[in-house]
Each structure stands twice: as C-alpha cells, then as structure tokens.
Amino acid sequence: MVDASVAKRLVQAIIDNLPEPVPGRRPVHTIGIGVKGKFVASDVARTYCIAEHFNGQSVDVSVRFSNGLGGLEQHDGWSDVRGMAARFHLRDGTGSDLIATTLGEFFVRNVDDFFKFSEVAKREPYERRRWWQKLGDLLQLKVPPRNPYPNETQSVDAGALRYANRHRFSQLGIFQVGLIGAPESYARASYHAVHTFWVTGPGAVRRPVRFSWQPVAGVRNTKLTDVPRDKYLFEELKDRLRRWPARFMLMMTIGEEGDALDDPTKPWPGTRIRIAMGTLTLTEVPEDQDAAGERISFNPCRLAPGIEASNDPILEARLGAYEVSREVRGGCPFRWRPDDAK
Amino acid sequence: MPSNEGLLDRIVDWLPTTLGFKRVASWTLVPYWARRTPVKPLPGGPHPSFQRGDNVQCMMNLIMPLKIKSPIGRAEAALAIAQNKDTIYAGLNNVGTVHFARFVIVGDNICMFSVYDGDFTNYIRDFIATIGEVFNEVVKLVEGGEKVTPCEKNVEAFIQWVHERDLYQVPDTATDFLRDQEALNGDRAVSPVDDDLTLLPRKLVLQLRANANVSLGNGYRAYPGFSVAQVRKQLGLGW
C-alpha cells in the first residue's frame with residue numbers, strides 16, 4: 001500500500017503543474033459531465049466473473065466523461081486524453097468503479113517514474129515553430145510540432161517528449177497522447193482502463209484481465225485541420241441523449257502468463273482472448289451536475305467482490321491519490337463495502 | 001489557426017500535404033536519408049513468442065513476384081491454382097491448423113495469405129508434405145523459384161525462401177516498430193537512453209523503403225486465442 005504522504009505528494013505534484021489552482025475541483029480531468037445509464041451483462045459475463053454487475057441483471061450506472069487537462073478552462077477541441085469514469089451501483093448501496101481513458105497505455109510504470117516525469121514535464125511556454133524551422137524539419141523527414149491552439153501559451157508537450165526520449169517504456173503512452181486528437185462526441189471514443197485486474201469466476205477461477213469500453217456509435221475524432229471549438233462536447237452529449245441512448249460495449253481481454261500484469265506502460269497483444277462483458281446504455285444527463293459530475297468521487301480500486309486490483313504500482317498509488325484528491329476538494333465519500341461505515 | 005501566422009507559415013504548413021512535395025521528397029530526401037542512415041529490412045512473419053495466444057491464428061502474407069510480368073504470366077499462375085484446387089483443399093484439411101487461406105494475384109505477384117496455428121516452419125513443412133506438388137507448380141513461375149524446387153528435396157531452403165517472401169508485420173503500436181529496428185540492430189539499451197522520437201516518421205519512411213510490402217498491424221481477430229481445433233470442436237464440425 002502506498003502511504004498517505006506519497007499519495008499527498010502525488011496529488012501535490014499534479015496541482016503544482018496547473019496553470020492556476022482549482023480549489024474545490026479535481027486537479028486533472030477538471031472539466032466533466034455526469035451521465036446516467038444502465039448496464040446489462042452479456043450471457044457469458046457471469047461465466048468469467050462473479051461480480052454482481054456481471055450476473056445479467058440490469059444495474060444502474062453513473063458515468064462521468066471528462067477532458068484530461070487540469071484547470072477550469074474548457075478546450076474540448078484540443079487534442080487531449082478523455083476520461084470515462086463509471087460506477088456500477090450495486091444492490092446493497094455500494095458500488096464498483098471502472099475508470100478508463102482514451103489512452104491505451106500509461107506513460108510511467110510506478111510512483112518514482114511519475115515524480116521524475118512531473119519534474120521534467122512541466123508547463124513551458126509554447127510558441128508556433130518558425131517557418132524555417134518547420135522547413136528544416138521537413139527536410140529531415142520529421143513532422144513539425146503542431147501549431148499552438150488559439151490562446152494556448154503553455155504546454156507540457158516539450159517536457160513529455162524529453163522524458164520519452166530518455167525512457168523507452170514511456171514512449172508508447174507519450175506518442176499516443178501526441179496523436180490522440182479530440183472526439184466528435186464523448187460517446188464516440190474508446191476508453192481503456194489500462195491497468196490489469198484479477199477477476200474471479202465460478203469455481204474460484206482467477207484470471208488477469210484488462211477492460212475497455214467501445215462505443216457502439218463508432219470512434220470518430222474531429223478533423224485536425226478544423227479550427228478547434230472550446231465548448232461542444234457537453235451540448236453534443238445532451239442533444240444525442242435527448243434523441244437516442246448512447247451505448248458502449250464493455251470488452252474484457254484475458255491476459256496470459258508472460259503478459260505485463262503489473263506494468264500499465266506495456267500493451268497486451270491483440271491475440272489475447274477478448275470477451276464481450278455487456279452493454280452500457282446511457283440515457284440522461286442529470287440536471288444536478290454538482291452531484292452527478294462534481295461531488296461524485298470515483299476510485300479505480302473500489303471494486304465489487306469478484307474483481308481485485310493487480311499489483312500494478314500505479315493502480316495501487318491511485319487508490320490513495322484519488323482519496324486525497326476527494327478530501328481536498330470535498331468530494332462525496334462513498335461506501336466501499338457493505339460493512340464499511342464510511 | 002493562430003492569428004500570428006504569416007504567408008510563409010501557411011505555405012510551410014500546406015507544403016507537406018501537396019503531391020509535388022511528396023514526389024520531390026521521395027526522389028531526393030528519401031534516397032539521401034537512406035544513404036545517411038541506412039535501414040536494414042525487417043524479417044517477415046510473426047514475432048517469435050512462447051506465449052500460447054501468439055501462436056494461434058498467426059498470419060502469413062506471402063508475396064511472390066512472377067517471372068513473366070504480363071497477363072500471360074498472371075494467367076499461368078491463375079491456372080496453376082485452378083488446376084490444383086482439389087489438391088489444395090484436401091491438403092489444407094490435412095494440415096489441420098489453417099483457419100483461412102487464399103491465393104491472390106496483385107500486380108505481377110502471386111500471393112498466398114493465410115491464418116494458421118503453430119510454428120511457421122512446421123506449417124510450411126506440413127504444406128510440403130501435403131501439397132508440395134502444387135507448390136512446385138506455382139513456385140516454378142516465380143522469380144528465383146527454380147532454386148528451391150522440387151520443395152520436397154529442398155525442405156530447409158524452401159522454408160527459408162518462403163520466410164524471406166513473407167511480409168514484415170508492422171506491430172500494432174508505432175513505438176513497437178522502433179523496438180523491432182533496435183532488436184535487429186542489436187540495441188538492447190534500457191533507461192536512460194538518448195532517443196529522438198521526432199525521428200519516428202523518417203524511420204518509418206526508410207523502413208518502408210527497405211520493406212516495400214508490409215502487413216499493417218497484427219490484424220483483427222473476431223475470436224482471438226482459439227485454434228482451428230478448438231473452434232471446430234466447439235462448433236461441432238468434427239475433426
């Protein structure tokens with residue numbers, strides 16, 4: 001277990017890199033929207049996991065979609081990681097959370113890596129690269145860095161690239177962040193939980209797995225050539241859900257011996273067995289966004305019996321860091337287990 | 001997008017999207033950088049792996065340039081396949097580890113694309129045993145094929161010949177392609193290293209110069225992780 005002081009330092013490292021403090025709000029994924037829905041497990045889900053929400057009964061779900069950037073400025077059209085935090089509400093009043101982002105792999109392996117990354121990938125002034133520098137890039141068969149977005153004056157891109165150049169384990173995650181783009185809709189992106197979890201099936205069979213949400217509407221990003229719009233994702237989602245529900249398939253990939261079980265920087269091959277665990281149907285954006293989007297507090301280690309966290313050090317660190325962040329911003333406490341008085 | 005851009009900024013942003021720039025770069029910059037920073041061809045076929053899931057539904061993308069590069073050469077190849085259809089299907093049934101297989105003519109190449117279970121060398125060895133005669137008929141129409149036919153008498157040379165014509169399978173993730181290059185060059189460095197990720201586009205261009213034909217990604221599988229035997233058993237199709 002990562003001790004409380006480390007969890008506080010993790011949160012502080014994130015806060016220190018914000019353009020300005022955001023008291024009472026999340027330090028990253030600050031801008032978000034809460035949505036209601038229901039999850040129905042597939043016929044086969046229960047044969048892989050005994051967790052209540054995989055038994056086939058319809059389960060209420062709270063989802064919060066978010067932009068990855070920290071801070072109060074909303075830039076929906078910027079290339080950025082998006083988040084999809086989901087809580088499956090269980091019968092006894094507890095919940096099971098699944099926190100996913102559009103990033104397929106993380107960029108650090110453990111807490112030490114994260115602190116070193118935070119030191120290198122600080123916000124720096126970000127300016128348009130001059131035309132002759134870009135011409136030099138083209139002559140070297142390099143792709144010049146993107147132009148700054150309107151009103152973008154600072155970025156962590158250069159620092160993150162410096163870190164990636166020194167650490168091969170981080171290259172995939174950081175490269176993916178660079179190309180991630182902006183979705184046309186929160187309902188048109190795939191979200192990956194990056195960490196490995198252990199699920200227990202009937203007969204106490206345990207399997208290492210990774211989860212992903214896949215949009216039934218398909219993945220679609222905005223065009224890179226379009227001028228990015230700052231605010232469209234919330235209204236798009238409200239409009240979409242007024243017309244028709246949005247659906248996501250929950251896919252579960254089963255790892256094999258030899259796969260990276262405790263390292264979120266390493267992908268698993270596409271040749272692993274993949275199970276369709278169920279369908280999430282999003283129906284409504286609640287009026288009370290303070291409760292549905294802001295006070296609600298997720299934690300990737302809040303898991304129903306039948307699902308366990310792996311020994312992934314980043315996942316372990318998130319357990320404490322999310323609670324510290326919740327306390328700092330006054331987020332809503334939530335019972336972890338039926339016998340948990342919290 | 002930003003308001004401070006001048007005419008030259010706009011021109012340089014637009015330049016790489018133009019056909020003219022791409023053509024000029026292909027004729028000048030690519031050969032120049034290929035000389036300055038040579039890149040070796042990456043080997044074809046699936047990456048060696050001990051893990052079970054990596055050893056089922058493997059892909060073979062065999063591209064074999066025809067000797068006679070004309071409709072006559074292509075017709076000869078088509079005829080060689082058509083005349084041996086029964087032999088090929090019976091052989092594939094006997095091999096027993098093949099999910100899908102097809103012959104395709106692309107340009108002046110006869111291609112065999114297949115998805116199989118198990119080890120590549122055993123897969124080809126099984127083919128030699130079951131439809132070696134058909135391979136001989138096809139391979140004799142292919143550049144360099146006479147050196148390895150009859151395949152029944154040149155088993156190891158034939159396996160190597162096929163492997164050299166099996167396409168390099170670009171990994172699903174861009175940075176894993178860099179790991180393939182590093183492995184080929186014997187670079188086993190660990191952190192901290194001194195890479196330059198901005199060179200990835202050039203490295204990709206030069207690799208695609210060295211490996212002109214490649215398989216993009218590991219391919220989609222509707223039911224990954226299952227062998228032919230498991231699928232047939234589960235579906236009650238017999239064995």
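## Strand pairing in chain A

Two strands count as paired if DSSP finds at least two bridges between them. In this predicted model, β9(A) and strand β10 (residues 246-254) of chain A run antiparallel and are joined by 7 bridges. Within that pairing, Val209(A) stands opposite Ile254(A) of β10(A). β10(A) is also joined to β11(A), in the antiparallel sense, by 8 bridges; there Phe248(A) has Leu280(A) of β11(A) as its bridge partner. Strand β11, residues 274-284 of chain A, pairs in turn with strand β1 (residues 32-41) of chain A, again antiparallel, over 6 bridges. The bridge partner of Ala41(A) in β11(A) is Gly278(A).

Strand β7 (residues 191-192) of chain A meets β9(A) in the antiparallel sense over 2 bridges, and His192(A) has Ser212(A) of β9(A) as its bridge partner. Strand β8 (residues 197-200) of chain A runs antiparallel to β9(A), with 4 bridges between them. In β9(A), Arg207(A) stands opposite Val199(A). β8(A) and β9(A) form a hairpin with 5 residues between them, and Gly203(A) in the turn has a positive phi of about 80°.

In soluble globular proteins, nonpolar side chains tend to be buried together. The largest nonpolar core here has 72 residues, and those with the most contacts inside it are Cys49(A), Val63(A), Met84(A) and Ala100(A). Helix α8 (residues 313-329) of chain A gives the most to this core, with 5 residues. Leaving aside residues up to four places away in sequence, Cys49(A) touches Phe54(A), Val199(A), Thr200(A), Gly201(A), Gly306(A) and Ile307(A). Of these, Val199(A) is the residue that stands opposite Arg207(A) in β9(A).

A second, separate core of 29 residues includes Ala77(B), Ile110(B), Val139(B) and Val162(B).

## An exposed residue in chain A

Asp290(A) lies in helix α7 of chain A, which covers residues 289-295. Asp290(A) counts as exposed because 11 C-beta neighbours lie inside 10 Å, and the cut-off for an exposed residue is 12 or fewer. The C-alpha atoms of Asp290(A) and Ile33(A) are 9.3 Å apart, although 257 residues separate the two along the chain.

## Chain B: overall layout

Chain B has 9 helices and 5 strands. Their order from the N terminus is α-α-β-α-α-β-β-α-α-β-α-α-β-α. The C-alpha trace of chain B spans about 70 × 45 × 35 Å along its principal axes.

Of the 239 residues in chain B, 25% are buried. Among contacts in chain B with a separation of 6 or more, 70% are between residues 24 or more positions apart.

## The sheet of chain B

Chain B contains an open sheet of 3 strands in the order β1-β3-β2, with antiparallel pairing. β1 (58-65) and β2 (98-106) of chain B are the edge strands, each pairing on one side only. Neighbouring strands of this sheet are turned by 10° against each other on average, direction ignored.

β1(B) pairs with strand β3 (residues 109-116) of chain B in the antiparallel sense over 8 bridges. Met64(B) has Ile110(B) of β3(B) as its bridge partner. Ile110(B) is also one of the residues in the separate core of 29 residues.

## Helix packing in chain B

α7(B) and α8(B) pack at an angle of about 65°, and their axes are 11 Å apart. The crossing of α7(B) past α8(B) is left-handed. On α7(B) the contact involves Ala174(B), Phe177(B), Leu178(B) and Gln181(B), while α8(B) contributes Leu200(B), Lys203(B), Leu204(B) and Gln207(B). By class, the residues of this contact are 5 nonpolar, 2 polar and 1 charged.

Which elements of chain B give two or more residues to the side that touches chain A? In total, 37 residues of chain B are in contact with 34 residues of chain A. The elements in question are α1 (7-14), α2 (19-36), α7 (174-184) and α8 (200-210) of chain B. The side of chain B that touches chain A has 17 nonpolar, 10 polar and 10 charged residues.

Conventions:
Residues numbered from 1 in each chain as written. Chains lettered and ligands numbered in written order. Axes fitted to C-alpha atoms, helices over the stretch in contact; angles between N-to-C directions. Contact = placed C-beta atoms within 7 Å. Nonpolar A, V, L, I, M, F, W, Y, C, P; charged D, E, K, R; others polar. Left-handed = near helix turned anticlockwise from the far one by under 90°. Core = buried A, V, L, I, M, F, W, Y, C linked by C-beta atoms within 7 Å. Buried ≥ 20, exposed ≤ 12 C-beta atoms within 10 Å, placed from the backbone.
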